[in-house]
Amino acid sequence: MIWRLAWIEWRRLMRTPLAWIVLGLGLCLLSWQFLGTLEAFSGMPANHRNLGLSHHLGMQLFGLASVLILIITPILTTRSFSEAFRNGSYALLSSAPLSTLTILLGKFLAIQLFQILIVLAPLLLSLTLFNGTQLDLGLLASASLGLLLLSGSFTAIGLFISVQSDNPGIAAAGSYGLLLLISLLDQHTGGGSFIHWLAWPSHYLDMQLGLVRSSDLAFFLLLLLFFLGLALHRLDKRRRG
Amino acid sequence: MFGDALQWLFNILTTTCILLSMPSLLTATKLSRSFHTTEVVEPLDLQLAARDILGLLGPNGAGKSTIMRMLSGDLSPSGGRIKICGYDLLLQPKQAKRHIGYLPERPPLHRDQSVDEFLSDCACLRGLTREQTRQARLAAKRRCGLEQTGRRLIRKLSKGFQQRVGLAQAIIHDPQVVILDEPTDGLDPAQIRQVRELIRELADERGVILSSHILPEIQATCNRLVILQQGKRVYSGEITPPEQLCYRLALEQNPDQALIAALPAVVSAERLHSDYFRVTLETGSRPSELVRQILEQGWGVCELTPETVSLEQLFLQATTGGEA
């Protein structure tokens, strides 16, 4: 039933102009960044090239992709619950024979199905160079995995904020606030502190450089499960009133 | 010929037995709901059998929608139990919800979808297979008069048609219990009549609960009625008026009201204005007895009209005068 709901929600999302505008703009920006990175790298004298092209793509292209995911996610998650509460369409799901967990996971997967299109874009753009140059496929795979985990965690955070309010504006602002907060937590904190560890950029950076560490994987998975758990709790509480 | 008649009789008997032995479709026991410290619905018992159309009537804010939300599983009750077709809504929500069709006050529509897509998604969420979905969609559209609107976007439909789409999603999985919250709200008179007919049709095979704050709505559609006032049940019973005991009487002569009250069939008489009296009969007395007794007195009868206890009186009595 989870996949059935995810498929229905995804199809419904793809019928809206919003999805296509987001996808179109995202692809344009990523392609622009890709060409810019390529041009900068090819114009660089050989003795200045400390890092390979894959590293440059990992930093520049996947870096921009993470920012895009941060911007897109609240727009999608706000639709999922906050807007459904407001326009009354949530009753369709709450009166159907579906558990709260099924509803939450179905909506989560629907957004992930959409996010995967953005996650795959930098990978596919990089792979267009496969014939002309020697790419570090391991690094690209690691950066893509990082982007996927990042989008999952952001979606969980966005859904958690989305279930809090019937007002889509407040839900979107809240999601942006929380996402920016965990982006900036490492700015003025010491390297070893727990708060510093809570910021996602350092964990993602490892994966952008081809380093898959279990602590980074655990960070993203914990973030995802924690906020999904909170969202589930809130949804159940909402039913109880 | 005789065999056919026997078979017909057998079918009738079997159906009657099934209907009689069938437990009620919906039973709510001591259902209550509080928001924080405010009690919105006081403990309430409800029962719905097949072919029942139960109306919840009450002024705005009486708790009708809260009750509907609880019965549909959208909101958990603070106390009490709800059983739908034998399944406990709180303990076996999936099984119970399969038998519920719910149309909230605001139809839960996805306005960017076409009618066909929306109804297919609704059927799919109710667990119907692809082939069942196709059949169910056709049947629901036929029932709700949506045959011509399948490909149109919901946001482009008129309010009346959107309401019909809402009704279609509530019955697409052929539920036993249909819960309709103010189903005719905002419709024009012709559409109201169509929706009423549809509700009566639905109740041929299932139980329907509908809420409204409009008296004629309930009077026209329901066979049973619960009147609510500030979350409390103030009246519950059949919609047909109670035994008629009150009459308006006009006589050729003009006797004193005490003389009329002294007649054996009369409990009390009250002069309304110069020629009219309101007469209340003894329980079990018939108006013909009253007429005979008046004629025996030689007063002559000009007019004898039953004073109907309309739903409006019942409602006013119940909501302003406490327990009816």
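This is a predicted model: local features need pLDDT of at least 70, side-chain atom pairs count only at pLDDT 80 or more; totals for chains, interfaces and linings use all residues.
Two residues are in contact if their C-beta atoms, placed from the backbone, lie within 7 Å.

**Chain B as a whole**

In chain B, 67% of the contacts between residues at least 6 apart in sequence join residues at least 24 apart. The chain contains 11 helices and 14 strands. Of the 324 residues in chain B, 38% are buried.

**The side of chain A that touches chain B**

Between the two chains, 18 residues of chain A are in contact with 24 residues of chain B. Three helices of chain A, namely α1 (2-14), α4 (90-94) and α10 (214-240), each supply at least two residues of the side that touches chain B. Among the contributors to this side, α1(A) gives the most, with four residues. The table sorts the residues on this side of chain A by class.

| Class | Residues of chain A on the side that touches chain B |
|---|---|
| Nonpolar | seven residues |
| Polar | six residues |

**One residue in detail: B:Asp112**

B:Asp112 is found in the loop between β6 (100-103) and α4 (115-125) of chain B. This residue is partly exposed, because 16 other C-beta atoms lie within 10 Å. Apart from its neighbours within four places in sequence, B:Asp112 is in contact with A:Arg15 and A:Thr16 of chain A, and with B:Leu153 and B:Arg155 of chain B. B:Leu153 is 41 residues from B:Asp112 along the chain, yet the C-alpha atoms of these two residues are separated by 6.3 Å.

Terms used
Residues are numbered from 1 along each chain as its sequence is written. Chains are lettered from A and ligands numbered from 1 in the order in which they are written. Ala, Val, Leu, Ile, Met, Phe, Trp, Tyr, Cys and Pro count as nonpolar, Asp, Glu, Lys and Arg as charged, and the others, Gly among them, as polar. A residue is buried if 20 or more other C-beta atoms lie within 10 Å of its own, exposed if 12 or fewer, and partly exposed in between; C-beta atoms are placed from the backbone.
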